[in-house]
Amino acid sequence: MEVIVAQHAGFCFGVTKAVDTVYEQIDRTDAGNIYTYGPIIHNETVVSDLEKKGVRVIESEADIEGLKGQKGTIVIRSHGVTRKAQAALEETGLNIVDATCPFVKRIHKVVAEESQKGKSIIVVGSANHPEVEGIVSYVQGKVYVIDGPESAEKFDENRELDYTLVAQTTFNKKKFQETVEIFKNNGYNINIVNTICNATDERQTEAEEIASKADAMIVIGGAHSSNSRKLYEICKEKCADTYFIQTLEDLHLNLTENVKLVGITAGASTPKNIIEEVQNYVRTNF
Ligand code: SF4
């Protein structure tokens, strides 16, 4: 049986940068207590290793409030934060280290500039995802969040207005194109800025290619990881026998003799060692 592991799998540039940033702070003698605003990535193994090294996760406004007057460092993760949270973090007086991915920062800039020009903004993504909440907070004016083609069909706003449409960085690129087509066909005057990041694009393209020829497909990623779920969705469409797991422990493979090719891919927040473990297990046991 053949096993193919996607070349574009696991930590992306932005996640690597964010995780490295926290470890760099741990190595510093002047960082004081270290906090991350939300788990630094959607991976329990990494988060628990950081916890063991004294890094604490803060999540709420009350947590931020509680830090006032203390000393230490807060790292902002790759998703970025809302303007309100950014201001509250700065008000604590702690040292703020911003590890927001540049691809996300670019979207903040686009929506801020476009909305200042008077355009209404449409964000294609999950409304309650922290990255999208952050993007929305940079809009000065009307903003709509839609989660894909179905919502685009139902969208019924003023067609006289000018719109700018952006996407969550990890959005499914095929669904993004479908969404864009619907807006164009429905007569909206819309400026499209495709903000799906390169890492997502590469991972989705390769995952689809492998899943198209694989008899079984394994997608490794955190349960809350948006980009990993999108990979699962894409693979499942091409390969009915697709498994979504967080670690090797979740994997209960049921492969028949007919399975000749198993594909493996992983979301942007999956560490290399987990991918290796899964790959070794499949190669050794089947
Ligand atoms: S998935 Fe893309 S936007 Fe998100 S951290 Fe990685 S490179 Fe940055």
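Helices (H or I, at least four residues) and strands (E, at least two) are DSSP runs, numbered from the N terminus.

**View 1. Overall fold of the predicted model.** The protein has 11 helices and 12 strands. This is a predicted model: local features need pLDDT of at least 70, side-chain atom pairs count only at pLDDT 80 or more, and totals for chains, interfaces and linings use all residues. Residues are numbered from 1 along each chain as its sequence is written, and side-chain values use heavy atoms, with hydrogens and water left out. Along the principal axes, the C-alpha atoms fill a box of roughly 60 × 60 × 25 Å.

View 2. Of the 286 residues, 50% count as buried (under 20% relative accessible area, with exposed over 50% and partly exposed in between; 1.4 Å probe, protein chains only). Take contacts (heavy atoms within 4.5 Å) between residues at least 6 apart in sequence: 70% of them join residues at least 24 apart.

**View 3. Charged side chains.** The protein carries 31 positive and 42 negative side chains. Lys and Arg count as positive and Asp and Glu as negative; His and the chain ends are not counted. The centres of the two sets lie 3 Å apart, with each charge placed at NZ of Lys, CZ of Arg, CG of Asp or CD of Glu.

**View 4. Thr265 and its surroundings.** Thr265 sits in strand E12 (residues 261-266). Thr265 is buried, with a relative accessible area of 0%. Leaving aside residues up to four places away in sequence, Thr265 touches Ala6, His8, Ala9, Ala207, Met217, Ile218, Val219, Ile220, Leu231 and Cys235.
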